[in-house]
Amino acid sequence: MIVLLVALIALAAVAGAAIHFRDDIADLVIVWAKGREPGLIIGDPSDPYMHRIFVVPKNRVFNIFVHRIMRDDDDRALHDHPWWSVSWIFRNHYFDIVPKFPDSFRICGHGRLIPVRREEWSMTFRRATDLHRIVLPGPGKTEAWSLFITGPEIRDWGFLCPQGWRSSKVFSETRDGVSVVGRGCA
Ligand SMILES: [Fe+2]
């Protein structure tokens, strides 16, 4: 029994050390990322949704980004992506707003939405066509950080409106470094 207790305490100590270690690594990544010019600022530069920092040079085959998620995604519609991706949250958590019935939602352009809590240190795999919208936890809307890995660029990405799918360019476009908000689903 004593051996079991000692083993459990030792295990707890190692696990605790591991938790501190990974948080320390997360701190280092955040300091590193804040010291770099973002490769892409998504949204209005004065109030962006997200900073994307390139860990490897951006390419059309395989990317590793650090995402600094600073506010909720565009709430006019759910969006998809140009590639499959894995998102590994290493600071804070957020909610993914997703369709309860993804297949019928994609056909109809609307349907019931549910929030799925994505915990700190959780990993989420998304196909390119998976629809979602990120919402930060309130009320302070503390920013979240993730390591984001993508596969090859295989499609244009956009938003699913009740009238059908629309390219991201209809929602917002960056012209001369300035983000211009488009008509969206209207
Ligand atoms: Fe997204």
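In which sense do strand S6 (residues 94-99) and S7 pair, and over how many bridges? I looked this up to begin with, and found that S6 and S7 pair in the antiparallel sense over six bridges, where two strands count as paired if DSSP finds at least two bridges between them, and where strands (E, at least two residues) are DSSP runs numbered from the N terminus.

I note that this is a predicted model, in which local features need pLDDT of at least 70 and side-chain atom pairs count only at pLDDT 80 or more, while totals for chains, interfaces and linings use all residues. Residues are numbered from 1 along each chain as its sequence is written.

**The sheet around S6.** I followed S6 and S7 into an open sheet of three strands, ordered S7-S6-S9 with antiparallel pairing. The edge strands here are strand S7 (113-118) and S9, each of which pairs on one side only.

**A second sheet.** I then looked up another open sheet of three strands, with the order S4-S11-S12 and antiparallel pairing; its edge strands are strand S4 (78-79) and strand S12 (164-167). Two bridges join S4 to strand S11 (residues 158-161), and histidine 79 has phenylalanine 159 in S11 as its bridge partner.

**Aspartate 130.** I located aspartate 130 in the loop between strand S8 (123-126) and strand S9 (133-135). Is aspartate 130 buried or partly exposed? I recorded it as partly exposed because it has 19 C-beta neighbours inside 10 Å, given that 20 or more other C-beta atoms within 10 Å make a residue buried, 12 or fewer make it exposed, and partly exposed lies in between, with C-beta atoms placed from the backbone.

**Domains.** Last, I looked up the domain assignment, which gives domain 1 (1-35) and domain 2 (39-181), with bounds that come from an automatic or database assignment. Their C-alpha centres lie 30 Å apart.

Definitions and conventions
Helix = DSSP H or I, 4+ residues; strand = E, 2+ residues; numbered from the N terminus.
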